[in-house]
Structures are given as C-alpha cells and as structure tokens.
Amino acid sequence: MRRITRIATVGIASAALALSATACGGNKSSESGGSDDNGGKAAIAYDIGGRGDQSFNDAAFAGLEKAEKELDITGSEAEPSEGEGDPDKIQRLTALARAGNNPVIGVGFAYAPAIAEVAPKFPKTTFGLIDDTSKTGPNIANLVFNEEQGSYLAGVAAAKVTKTNTVGFIGGVETPLIKKFEAGFVQGVKDTKKGVNVKVQYLTQPPDFGGFSKPDLGKAAAQGQLDAGADVIYAAAGLAGSGSIEATAKAGKWAIGVDSDQYNQKGLAAYKDQILTSVTKNVSGAVFNLIKSVKDGKPQTGEVRYGLQDNGVGLSTSNPAFTKMTDVIAAVDKAKADIIAGTVKVQTAP
C-alpha cells in the first residue's frame, strides 16, 4: 500500500510549491488538459479544522484511505491555513489538479467558489464538492446529504432520554447547511415530546468560521446550556464539537455527536461513555465512491445525494448503553421508516 501524502498548507505560494514538489508518479496535468491517469491519484482539500477534527474532515480522510487500500491509488491531503480566503483555496485546488490528481475533492461548502473557478481550467479532472450544490459544471460532482433526516432521529432520541425536558443544539457557524441540522433536530424533539425546551446556540456568524475549529467555544456553549438545565446536547460544529462533548460528558449528561461515529473516535475516548449516539453522514463513502467512479472511467457528475434510504445519513448504535434503551431504539426505527416512506416530511430550515 502506498502512503498518503499529507501537505500542511501555509499561504498560497508555499501551498503551490509543496503540492508540486511532493506529487509522485504520473504526468502533471495542464491547465487545459487535466489528468489522464484515470484515477491513479486522488486528493482531498480539507475544510476548517483539518484532519484530526474527529468529525467531518476525518470522515473524508477515511474515504481516501479506503480508496488507497482497495483501489490502488495514491492519495494526497491538503490542509487549510488560518484565516484563508478563496484565493488560497483556488491555489490549493489548482496545485492538486496540476499534480495529476483525479479526482480533486473540496471538503465543505467553503470550496464552492474555488471549484467554480478551477474546474473549467481542468476539463479532464473531476472535482468533488461536498455539501454544496450552488456551483455546477460538467466535471463537478456535488456530494450532498439529507442532514436534516439524521438530525430528526437525534431529536427523537433526545426527547426520549431527557429527564429535565431541556435539550440543546449547538451549531458551529450559522449557515444554511448547519440550520438543516438544527431544523431536523428541533422537529424530531417536538414531534416526539412537545413539552421539551430546545436551546439553540451558534458559535460564530459568517464570515467568521472559527465556530468550526475552536473547541473552547463549543465547551463554553455547552456549559451554558448545561447550567440552564439541558441534559442532552447535540453539536454540529466540527472540531468545536469536541469541546461540547467534553463539557457534556464531564457533567454526566448525554452528548450526541455528528458526521462521524464519535463514540469510536480515539481523540474522544475519555468521553465515549456519555456519547449517546452520533448523527452520521457517509462522507467517507461519498469520497470513496467518487474516486472509484473516476478509476472505473465513469466519473460521477452533478448532484449525488445521500439520505436515510441508502444509509447516507443515520444514527450510530455503537454505545451499548444506547442499544439497551429498547423504547428509544424502537422510536428511532419507527421515525426512520416513516421518513423513508414519506409519511414524515423533515424540514430543512427552522
């Protein structure tokens, strides 16, 4: 197995230099020609927080790692820089494409403007854009999820287990995407137990995206909700969510994770017993499937959507304490079946 190349990005110029220098194997793609190696090399460019967030970015890495093992591809990773803008992302994606990677995957909606700029210059390279459908093109695959559906199931679970009739939702940054998580969670709570109070807090507002990368903000927000009586807290906040989990677990209350099955994340092992469940997004599967489609010569393009019906989103059952709650599991299973059948329509905005 070949080892995935990890590049720490520090500014535009160094990003270009590092990516060009560390690319191995294959021919460099030209601005007009793109990559001709048909999936021999693939790359992901991380969202805010980078690899090690125990959540969104780590899920994307898992898909790249699986592709390297099973598809005989060489993988590369590129990290974001602090306070970067679209020009940095454009340079990063350009360097990855020039290095012969195909596909090149932007992890997160923040890559939408950059992919719209870079993709037309590399028509033979497939670009994956996770969590965004606003930018499209003949060589762009929009990998998106029904986050509100998984969040609805989390709301059902939270409403069933709360003893104080107060639960919390913490969003990293108040964007339309994260408000989908909020909408589904609140609806799931209210549909299950109308008297439950849902406290909602966002850590930052655009253009400040630090709410996805600062655990101390998540920890402080969770502590505030705990002090107000919340005994179940669901955080959709990337790396900042780890701070929420820490505070909630130390208080002996239930945390609900997001994106990855956070019960099984090594970095959160000290708090796992209090991670009731996680709202999972099969980001790893989406990354793997896109890489495989390119490798097979039939690259995905356009909107590729994942939902409950194909296990693209869901609720994890790794915590034995959760699976022993048979009434909670039954309620979650019924809600899942109702959503798939169309008898429950989950809102995508609060």
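Contact here means heavy atoms within 4.5 Å, and helices (H or I, at least four residues) and strands (E, at least two) are DSSP runs, numbered from the N terminus. The model is predicted, so that local features need pLDDT of at least 70 and side-chain atom pairs count only at pLDDT 80 or more, while totals for chains, interfaces and linings use all residues. Residues are numbered from 1 along each chain as its sequence is written, and side-chain values use heavy atoms, with hydrogens and water left out.

**Exercise 1.** Check the span of helix H7 (residues 215–227) against 1.5 Å a residue.

*Solution.* The expected span of a helix is 1.5 Å times one less than its number of residues. For the 13 residues of H7 this gives 18 Å, and the end C-alpha atoms are 18 Å apart, which agrees.

**Exercise 2.** Determine which residues of H7 are buried, and what they pack against.

*Solution.* With buried meaning under 20% relative accessible area and exposed over 50% (1.4 Å probe, protein chains only), the buried residues of H7 are Gly218, Ala221, Ala222, Gln225 and Leu226. They cover an arc of only 140° around the axis (taken from the directions from the helix axis to the C-beta atoms), which puts them on the same side of H7. Their packing partners are strands S7 (166–173), S8 (197–204) and S9 (232–236), together with helix H8 (240–250). The face turned away from the buried side carries the exposed residues Asp216, Ala220 and Asp227.
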